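Me: I would like to learn how to read a few features of a fold. Can we work through helices, strands and packing in turn?

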Amino acid sequence: METPDTTPVQGDGEDVDMVDEPVFSTKYKVPNKRKKQVQWRGWVFLDTLSNVIADCDTADILILGGDFNCTTDDLDRNYAEPHVASRKRLWEVMEAHKLSDIWRTFNKNKRQYTWAHAVDNSLSLARLDHFYGFKHQLTLFTQCFIVPNQGISEIRKQTVRFYSKLYSSERSGAQIVEESFLKDLPKLSEQAARELDRELTLAELHKALQGMENGWAPGIDGIDGQDVLEVLRDSMNVGQLPLSCRRAVLTLLPKKGDLTHLKNWCPVSLLCTDIKLLSKALASRLTKVMEQITQQDQSYYQEKAFDRVEHEYLWKVLETFGFNPGFIAMIKVLFCEIESVLKVNGGLCAPFKVLRGIRQGCALSVLNKNWEGTVEHVKGRLSRWQHPVPRMSYRGRTLVINNLAASSLWHKLACVDLPPNLLASIQALLVDFFWDGLHWIPQSVLHLPKEEEGQGLVQLASRTAASSSSRDSSLVPKT
């Protein structure tokens, strides 16, 4: 095995001065014949290395760096470690000499790679370059990071080609198929369509801002949710968002299966706060009328369709459902000339156009997911107590319903309103659980407090109204 040439990092043809902190990079010159004629015996090299480290004075500063051709952490490959014997021996060396992986110390749960290989749509990624130091000297280091180099360019190009094709339009020749799907669709009432068509208000944007959760990753502009209202007003007037809002950072999260295949990575869009606010405000309007045009059991198919829906087809569907041109124009602002920028191995790639699909970070993408599975979730919580119900007191049943089942809805109700049809379905589930299928007195009596001869059973309609009132009251400016 050739020893890596460890030198100061270079930039623009000149050496970078080494001042307070040493900066290292590794260079490798591996002859092609080595791959065919020489089988590297990693454990032999590690045995020799272990003997050298044993002769080192632990009072001296040790920085051991190079390409070890194996990993010690499952996060360091996107597939199973092929050099099991080398990995085991490297673990033993680290343990025997009390060494620590410096980069992993500063990046506990991060995935970043220093080696990549692409064939068709298959990716092999690994962090083979390691820097080790004595554990008792870790306080000497303030940071350790991996800077992508030109060797990753091909993997980036391959990834961009894959997702650019995924989000390109396939609508050509689909006109007849589209028309068959658009027949006999339900229509919005004219009153509902007019309500959706009204101008976006400041109160709606405030409400959307309050419904946004803290701690989510920002988009490409890093805006944290302040001073965006004027930008949105201008965008609605011109029909297009600013470039920074139209571009989303597309980060890839591993799914199940072989991670050397791009299809087993889930793309998640990191959107700017501006577009999140606008989409959330429009989604809030849509939630109130969705029951007029969809059935509860359609949610799964809606979700799958929304992931790959053609944008032009979406406008046709909205028009067929009876949405007015004004509201459709608002929705179009979210999709006009949008692009994605892939984040690969810590670096951003060239942007590409997005002509279909609804981004995961967009509130419209979760319109059919916000409440999807909610009924099943409540059923699941109640089913855990179904067996002991006959032996439970009415007070015990009320505690299970209010504290273990209905309580799972409170966070969502604090952000958006529950669709009325689902509200009634869930309330019926709660009442049926209370009576164990046998209803003895009017439901309204159950909701009364105990001191009024009731059971104090939660009434979802009242709770929803209270949550909505609380959200609205917080929008009233103080005088």
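This is a predicted model: local features need pLDDT of at least 70, side-chain atom pairs count only at pLDDT 80 or more; totals for chains, interfaces and linings use all residues.

Me: In what sense do strands E5 and E6 pair with E9?

Reply: Start with the general idea. In a regular strand, side chains alternate between the two faces of the sheet. Now the case here. E5 (residues 64-67) pairs with E9 in the antiparallel sense, over 4 bridges. E6 (residues 99-101) also pairs with E9 in the antiparallel sense, over 3 bridges.

Me: On to helices. What span should H17 have, and how far apart are its end C-alpha atoms?

Reply: Count 1.5 Å a residue. H17 runs over residues 394-405, so its 12 residues should span 16 Å. The end C-alpha atoms are 15 Å apart, which agrees.

Me: Which residues of H17 are buried?

Reply: An α-helix has 3.6 residues a turn, so residues three or four places apart point the same way. In H17 the buried residues are Gly396, Arg397, Thr398, Val400, Ile401, Asn402 and Ala405.

Me: At what angle do H9 and H11 pack?

Reply: H9 (residues 229-238) and H11 (residues 273-287) pack at about 70°, with axes 10 Å apart. That angle makes H9 roughly perpendicular to H11. The crossing is right-handed.

Me: Which residues meet there?

Reply: From H9, Val231, Leu232 and Met236 meet Asp274, Leu277 and Leu278 of H11.

How values were computed. Residues are numbered from 1 along each chain as its sequence is written. Side-chain values use heavy atoms; hydrogens and water are left out. Helices (H or I, at least four residues) and strands (E, at least two) are DSSP runs, numbered from the N terminus. The expected span of a helix is 1.5 Å times one less than its number of residues. Buried means under 20% relative accessible area, exposed over 50%, partly exposed in between (1.4 Å probe, protein chains only). Two strands pair if DSSP finds at least two bridges between them. Axes are lines fitted to C-alpha atoms, for helices over the stretch in contact, and angles run from 0 to 180 degrees between N-to-C directions. Angles under 35 degrees count as roughly parallel, over 145 as roughly antiparallel, 65 to 115 as roughly perpendicular and the rest as oblique. A crossing is left-handed if the near helix is turned anticlockwise from the far one by less than a right angle, and right-handed if clockwise. Contact means heavy atoms within 4.5 Å.
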